[in-house]
Amino acid sequence: MEAQEKIITGVCETHGEYESKAQEIMGRTFATGCPECEAEREAKQKADDEKRLRAARERRVEELAHGALIPKRFQGYGFDDYQPANDKAAKIKAACQRYAERFEDRLQMGGGLVLCGKPGTGKTHLACAIANHVMREFFRVPLFTSVTKMSRAVKATYTPKSDRTEAQVIRSFVEPDLLILDEVGAQRGTETELLLAQEIIDERYQEVRPTILISNLPESELGRYIGDRAIDRMYEGGGAILAFDWDSYRRSGQSRRFEQPDALDVPRREAGFLKGGK
Ligand SMILES: [Zn+2]
């Protein structure tokens with residue numbers, strides 16, 4: 001037997017009168033409540049859920065960032081923080097951004113990046129922006145390291161006190177979704193160091209995990225240093241070599257500070273203030 005539904009007028013202390021659907025079921029009346037109160041409750045519930053989700057995301061990103069060992073000065077840095085010094089730098093920035101945005105494709109197809117060229121042109125900054133992006137957007141695990149640090153970590157396993165085996169340490173460099181290998185070719189690496197770097201690059205390639213190499217060497221010398229095979233591994237699956245071959249922004253940034261205020265495009269009345277005068 002269908003219960004009869006009727007419309008009655010309810011009164012909400014906050015919102016006043018409203019239409020309520022009432023049904024009598026087994027001698028009791030069930031009436032719908034104030035629709036505005038209901039909407040407010042739903043909105044609050046939704047906001048609370050979103051807040052919880054955001055907090056959980058933040059915690060996860062913090063966790064990832066903690067393990068990523070990104071240099072302190074680039075922690076949390078994004079692409080917006082990179083000011084391209086020229087058109088070439090702007091193109092390279094755009095390429096790095098595309099790489100980060102399509103990182104999930106890289107995990108399917110492979111393809112690393114080689115950021116090489118002059119110091120102070122923002123290679124580390126852009127590599128870290130990629131790492132920060134894949135953490136934040138895809139919850140992927142990046143790891144920032146250098147050939148020297150990897151070699152030191154492996155050597156540390158040779159002491160009897162070590163609680164990790166050499167194989168475990170090597171896995172720790174193979175397993176992250178993105179490995180950023182800094183200072184490639186910074187000093188004459190020992191043959192052991194080079195072999196280790198090559199082994200890790202190769203294993204990552206086999207497991208379709210992208211690697212980013214950062215080097216102050218020009219592209220031509222980098223192959224001679226780390227091996228052409230390792231460089232080829234970067235290209236395969238859609239990787240690229242990006243040459244940062246302009247002069248340092250850091251150096252030009254510093255020299256600017258010593259220029260006369262007039263040269264800074266500052267209106268004259270403010271230039272006096274910069275000089276320390278009245
Ligand atoms: Zn109400």
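Biologist: Why is arginine 136 called partly exposed?

Modeller: In this predicted model, arginine 136 has a relative accessible area of 38%.

Biologist: What makes glutamate 58 and arginine 136 a salt bridge?

Modeller: Their side chains come to 3.3 Å, N to O. The cut-off is a side-chain nitrogen of Lys or Arg within 4 Å of a carboxyl oxygen of Asp or Glu, so 3.3 Å qualifies. The pair connects distant parts of the chain, with glutamate 58 in helix H1 and arginine 136 in helix H4, 78 residues apart.

Biologist: And glutamate 58, why is that residue called partly exposed?

Modeller: Its relative accessible area is 36%, and the term covers values between the 20% and 50% limits. Glutamate 58 is therefore partly exposed.

Biologist: How do you know that glutamate 38 forms a salt bridge with arginine 41?

Modeller: The closest N and O atoms of the two are 2.8 Å apart. The limit is 4 Å, so the pair counts. Both residues lie in helix H1, residues 35–68, and they are 3 residues apart, about one turn of the helix.

Biologist: Buried, partly exposed or exposed: which word applies to glutamate 38, and which to arginine 41?

Modeller: Glutamate 38 has 35% relative accessibility, so it counts as partly exposed. Arginine 41 has 53%. Exposed means over 50%, so arginine 41 takes that word.

Biologist: How far apart are the closest N and O atoms of glutamate 104 and arginine 140?

Modeller: They are 2.8 Å apart, and the two residues form a salt bridge. Glutamate 104 is in helix H3, residues 103–109, and arginine 140 is in the loop between H4 and E5, so the bridge ties together parts that are 36 residues apart in sequence. Glutamate 104 is partly exposed at 28%, and arginine 140 is also partly exposed, at 26% relative accessibility.

Biologist: Which residues do salt bridges with shared partners join into one network?

Modeller: Arg171, Glu175, Glu203, Glu207 and Arg209. Over the whole structure, a search finds 15 salt bridges.

Biologist: How many disulfides does a search of the whole structure find?

Modeller: The count is 0.

Biologist: Buried or exposed, where do cysteine 12 and cysteine 96 stand?

Modeller: Cysteine 12 has a relative accessible area of 10%, and cysteine 96 has 0%. Buried means under 20%, so both cysteines are buried.

Biologist: What makes strand E6 mostly covered?

Modeller: Of the 5 residues in E6 (178–182), 5 are buried. In a regular strand the side chains alternate between the two faces of the sheet. Leu178, Ile180 and Asp182 are on one side of E6, Leu179 and Leu181 are on the other, and all are buried, which leaves both faces covered.

Biologist: How do you know that E6 pairs with E5 and with E7?

Modeller: Pairing takes at least two bridges. E5 and E6 run parallel and are joined by 5 bridges, and proline 142 stands opposite leucine 178 in E6. E6 and E7 are also parallel, over 3 bridges, and leucine 179 stands opposite threonine 211 in E7. Both counts reach the limit, so both pairings hold.

Biologist: Which residues lie nearest the centre of the largest pocket?

Modeller: Thr124, Asp182, Glu183, Ile214 and Asn216, out of 24 lining residues. Helix H4 (123–138), strand E5 (142–146), strand E7 (211–215) and helix H10 (249–257) each give two or more residues to this lining. The pocket holds about 310 Å³ of space, and its lining has 8 nonpolar, 10 polar and 6 charged residues.

Biologist: Which helix gives the most to the lining of the second largest pocket?

Modeller: H7 does, with 4 residues. The volume of this pocket is about 150 Å³. Helices H5 (147–156), H6 (166–174) and H7 (191–206) are the elements that give two or more residues to its lining. By class, that lining divides into 4 nonpolar, 3 polar and 4 charged residues.

Methods:
Residues numbered from 1 in each chain as written. Predicted model: local features only at pLDDT ≥ 70, side-chain atom pairs only at ≥ 80, totals over all residues. Heavy atoms only, no water. 1 Å grid on protein atoms, 1.4 Å probe; cavity = no way out; pocket = protein on both sides within 12 Å on 5 of 7 lines; lining within 4 Å. Points joined across faces, edges and corners; volume = space filled by probe spheres on them. Nonpolar A, V, L, I, M, F, W, Y, C, P; charged D, E, K, R; others polar. Disulfide = S-S within 2.5 Å. Buried < 20%, exposed > 50% of the residue type's maximum accessible area, 1.4 Å probe, protein only.
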